[in-house]
Amino acid sequence: MAALFVFGQRRRKQRTFKDRISSLDHLSDMEVVDRYRLSRIAIIYLEDNLRNDLSPPTNRSQSVSSMTKVLVGLRVLSKGNFLSEVADLHGISKQTASRVLHEFVDAVNRNIDNIRFPRTQQELAEAKLGFYKRCKIANIVGAVDGTLVPIIAPKDSGEAYICRKGFHAINVMATCSHDRRFIDIVAKWPGSQHDSSVMNTSSLKEHMESERPGMLLADSGYPLTTSLLTPLANPVTPAEARYNNAQSKGRMVIEQSFGILKGRFRCLHKTGGVLSYSPEKSCAIFMACARLHNMCLDWGLTLDDAQVVDPGQDAMEAWMGQPGLQVQELRRRVVNTFV
């Protein structure tokens, strides 16, 4: 045996630690944003908000600092499925990087509360004005759609996660404002779930129908309701064509939001591989990325056009139900404003 003994005891192998890079001082401002998606000051702000959750529970000199955990978490989310590379960059093992990622994601979801649907009269008025300036349709408070995020095949109920495109995914429904801020997210459904089914079981639908704050713009995968304004399937008149164009222009913000989100955090896009975690952890990762996306907007951080990706929003199968006469008349009144 290769083991060595001294006075009858096994000699313990001396532990070795990689050099850890927890400082941003060696990077330029542009390099910081390119690598971690947040600016230097925004990262410091984020670490300050997450420190209680991420600070090591031990005083050992080689424990991973809260700043290193923030940097590792941001880098993994922005880079995608490259844990080994991120671990080497920050002087930790791949196993530690994986653990740190989930600690970071949970801390973000617990402490960064910036996904909020407009509630007050002032918030609703600002939301409606923003959409009216964009598409000339009144009473719109948001745009909603679903997006698929690739994941590895789950151990249980794997078939339920096979989406219409043939790969395993989660189907996340998100609503955004006119300025591409996420204001509501439902992240819990498998990829095979239809967008309209996700909406039907959501608290968002209940809120829209009970509180009547306004309407949401949606594509043809959703039903036309008193709270969902969808395009006409076969526009005939010039007014109907103008309405469809305006509805598409307003609805486009949710597709743009997904493109920016997935471009900023490649772990959610096919170019970053697939999320190699359980559906529950994958949903938590999406939520964390959406909160960080909103944080980027708060700090005025934009993404170059070249970095924005195609979110893969090809149309869901059209909703095949028949809308009631009341909601058809509601849409007809909107169409008539384009005469």
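**Fold and surface of the predicted chain**

Residues 24 or more positions apart account for 68% of the contacts in the protein chain with a separation of 6 or more; contact means heavy atoms within 4.5 Å. The model is predicted, so local features need pLDDT of at least 70 and side-chain atom pairs count only at pLDDT 80 or more, while totals for chains, interfaces and linings use all residues. Residues are numbered from 1 along each chain as its sequence is written, and side-chain values use heavy atoms, with hydrogens and water left out.

The protein chain holds eleven helices and seven strands. These elements are DSSP runs numbered from the N terminus (helices, H or I, at least four residues; strands, E, at least two). Of the 339 residues in the protein chain, 49% are buried. Buried means under 20% relative accessible area, exposed over 50%, and partly exposed in between (1.4 Å probe, protein chains only). The protein chain exposes about 17300 Å². Carbon and sulfur atoms supply 50% of that area. Accessible areas come from the Shrake-Rupley method with a 1.4 Å probe; for residues, only the protein chains shown count as cover.

Five strands form an open sheet in the order S5-S4-S3-S6-S7, with mixed pairing. Its edge strands are S5 (182-190) and S7 (228-229), each of which pairs on one side only. Two strands pair if DSSP finds at least two bridges between them. Helix H6 (residues 121-135) packs on the sheet and touches S3, S4 and S6. The direction of H6 makes about 80° with that of S3. Axes are lines fitted to C-alpha atoms, for helices over the stretch in contact, and angles run from 0 to 180 degrees between N-to-C directions.

Strand S3 (residues 140-150) is mostly covered. Eleven of its eleven residues are buried. Eight bridges join S3 to S4 (residues 169-176), and these two strands run antiparallel. Thr147 stands opposite Val172 in S4. Three bridges join S3 to S6 (residues 215-217), and this pair runs parallel. In S6, Leu216 is the bridge partner of Gly142, and Leu217 is that of Ala143. In a regular strand the side chains alternate between the two faces of the sheet.

Helix H8 (residues 203-211) lies across S3, S4, S5 and S6. It runs at about 135° to S6. Lys205 is placed in H8. This lysine is partly exposed, with a relative accessible area of 24%. Leaving aside neighbours within four places in sequence, Lys205 is in contact with Met199 and Asn200.

Two loop residues other than glycine have positive phi. Ser157 has a phi of about 55° and sits in the loop between S3 and S4. Ser157 is exposed, at 54% relative accessible area. Phi of Arg212 is near 50°, and Arg212 is found in the loop between H8 and S6. Arg212 counts as exposed, at 56% relative accessibility.

Ile41, Ile44, Tyr45 and Trp299 make a nonpolar surface patch of about 380 Å². Patches are made of residues with over 30% relative accessible area and no salt bridge; like charges are joined within 9 Å, and nonpolar side chains (Val, Leu, Ile, Met, Phe, Trp, Tyr) within 5 Å. A salt bridge is a side-chain nitrogen of Lys or Arg within 4 Å of a carboxyl oxygen of Asp or Glu. Ile41 is found in helix H2 (residues 40-54). Ile41 is partly exposed, with a relative accessible area of 49%.
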